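Here are my notes on the model you sent over. Have a look at it first, then read the points in order.

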Amino acid sequence: MSNEWLILFFLVGALFVGLVVVFAGLVAPQSTNPQKFDPYECGIPTEGVTWLQFNVGYYLFAILFLVFDVETVLVFPWAVVMKDVGITAFIEIVIFFVILGLGLLYAWKKHALIWE
Amino acid sequence: MLLNTISNALSTLSEPWWKVFYDFSSLTRGIDEGLRSSMSEFWAVTVEMLIIGVVFLLFYAVIGLFLVIAERKVCAFIQNRLGPNRIGPFGLFQTVADLVKLLFKELIPIKNADSFLFNLAPYIVIIVNFMVLAALPYGKGLHAIDFNIGIFYVIAVSSMSVIGVLLAGWSSNSKYSLIGAMRSGAQIVSYELSIGLAIITVVILAGSMQLSEIVEAQRTGWFIFKGHVPAFIAFVIYVISGTAETNRGPFDMAEAESELTAGYHTEYSGIKFAFFYLAEYINMFIVAAVASTLFLGGWMPFHVGNWESFNRIMDFIPPFFWFFGKTFFVIYLIMLFKWTFPRLRIDQLLTLEWKYLLPINLVNVLVMAFLVLMGWHF
């Protein structure tokens, strides 16, 4: 099958969720009790804003991830042609990985990999 | 009329009907030709779409429900108890009953929640699942879409499910959900790297990203045996990071019950919760299926060098069963991890990935490239 059939799988997923949710909305009971719609917080009323600031550590790891993920995308085409190109490709990727490893080492020494 | 077409397609096969289990391509071609001869092009394509859609829906539901009951049974086996055993033989229909129960539960709209994103999140998670399932090779000739960048497509699309998780956590207007989603995001993106690099190890060995070609390259031996030590290391890293990628124990920081109630899907009720639950199990199936395709030979039978008679016996088992046997073996491993290891803290989790798995993986890729260059692999 050609690649356009992917749209079919998108539609199957969307229809599956959509129809089941509509069906559940029809058969499920509806009762109103103001307290039921509160977000859960161990049974006590929620205090303050929910969308609060969180640990900056998450952003650090996200940035590191971005660097290494782009690297993965670059290495994939290399991996496919490695056998054909031979020793040149190998030397090039060694240089590339050494630079990348130095980057990781730098982040490591700067304590970017420590969770606080 | 449809049944007629299928029986026509079956009767035109030159081999006996059970040969279909060894090669599905003759069956699919038969159905295609039968439909095209009996109706116009447009209707033939529409009916084919319907068949494929229904087959994948059924497959999705059966795999999801079966894995939930399997998980509970494995858990019970490890904890030395019986597990669900009331509904149906050996409690096999327990999850069906659970699903029906969840279907009839109230869908609670949360106060001040971002209702558009709140409702959108299950769609993203499920659609991503379906789009990945479309690209997997299930058996000989049983492959919905065979991309030439197959494995790249699989990791690219499957990592989109993190968007669904983040949306679910953020839009719920609950602190537990938000913390769970952030943890889960950090964890999934971190382990994404290890998965990518472990897959690159295999791509070097196969010289192709097309899943059918990767499977075909393993005709003479599975990559886990062909690739010496680096392939085995890559397999171990892949299974560890696959477990983390699906948010399962011991890496289930995102839904650590003792601290976050249920993590990112705390506020979801009824069938919307069931979608997240189902998607988690299908994700586990996808991780295991990719592991078995890349490392354990996909639907290729187990062959040993020149033991002719042994190989013949192995060929007798249909490829279809080989694929699912290997996949469920990996799934069993992943379930075993969940029920035998204690949960990691988030700092341990990130240390494991960034200070151990990633450097090992980088070196591993180079070693594998060197092996392939020297022709030292089998």
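1. Which residues does B:Val203 touch, not counting residues up to four places away in sequence? The list has A:Phe76, A:Ala79 and A:Val80 from chain A, plus B:Ile151 and B:Met209 from chain B. Touching, or being in contact, here means that the C-beta atoms, placed from the backbone, lie within 7 Å.

2. Some housekeeping before going on. This is a predicted model, in which local features need pLDDT of at least 70 and side-chain atom pairs count only at pLDDT 80 or more, while totals for chains, interfaces and linings use all residues. Residues are numbered from 1 along each chain as its sequence is written, and chains are lettered from A and ligands numbered from 1 in the order in which they are written.

3. B:Val203 turns up again in the largest nonpolar core, which has 124 residues; B:Val202, B:Val203 and B:Phe285 touch the most other members. Helix α8 of chain B (residues 175-206) gives this core its largest share, 20 residues. A nonpolar core is a set of buried Ala, Val, Leu, Ile, Met, Phe, Trp, Tyr and Cys residues joined through C-beta atoms within 7 Å. Buried means that 20 or more other C-beta atoms lie within 10 Å of a residue's own; exposed means 12 or fewer, and partly exposed is in between. Helices (H or I, at least four residues) and strands (E, at least two) are DSSP runs, numbered from the N terminus.

4. Chain A is a plain α-α-α pattern along the sequence, with three helices and zero strands. Its radius of gyration is 25 Å, well over the 13 Å that the globule rule gives for 116 residues, so chain A is more spread out than a compact globule. (That radius is taken over C-alpha atoms, and the rule is 2.2 Å times the number of residues to the power 0.38.) The C-alpha atoms of chain A fill a box of roughly 70 × 50 × 15 Å along the principal axes, and buried residues make up 15% of the chain.

5. How many residues of chain A are in contact with chain B? There are 53, and they meet 66 residues of chain B. On the chain A side, α1 (6-27), α2 (57-85) and α3 (87-109) each supply at least two residues, with the largest share, 14 residues, coming from α1(A). By class, that side has 39 nonpolar, nine polar and five charged residues. For these classes, Ala, Val, Leu, Ile, Met, Phe, Trp, Tyr, Cys and Pro count as nonpolar, Asp, Glu, Lys and Arg as charged, and the others, Gly among them, as polar.

6. Chain B has 16 helices and two strands. A compact globule of 378 residues would have a radius of gyration near 21 Å, and the 22 Å of chain B agrees. Its C-alpha atoms fill a box of roughly 60 × 60 × 45 Å, taken along the principal axes, and 47% of the residues in chain B are buried. Of the contacts in chain B between residues at least 6 apart in sequence, 77% join residues at least 24 apart.

7. Chain B is split into domain 1 (2-38) and domain 2 (105-374); such bounds come from an automatic or database domain assignment. The C-alpha centres of these two domains lie 34 Å apart. Six residues of domain 1 are in contact with seven of domain 2.

8. Take a look at helix α3 of chain B (residues 41-78). At 1.5 Å a residue, its 38 residues should span 56 Å, and the end C-alpha atoms are 54 Å apart, which agrees. (The expected span is 1.5 Å times one less than the number of residues.) Buried residues in α3(B) include B:Tyr60, B:Gly64 and B:Glu71. The buried residues of this helix pack against α4 (94-103), α5 (115-133), α13 (270-294) and α15 (319-340) of chain B. After α3(B) comes B:Asn80, with a positive phi near 60°.

9. Is B:Asn364 buried or exposed? It counts as buried, because it has 22 C-beta neighbours inside 10 Å. B:Asn364 is in helix α16 of chain B (residues 346-374) and touches B:Thr201, B:Pro230, B:Ile233 and B:Ala234, leaving out residues up to four places away in sequence.

Notes:
Contact = placed C-beta atoms within 7 Å.
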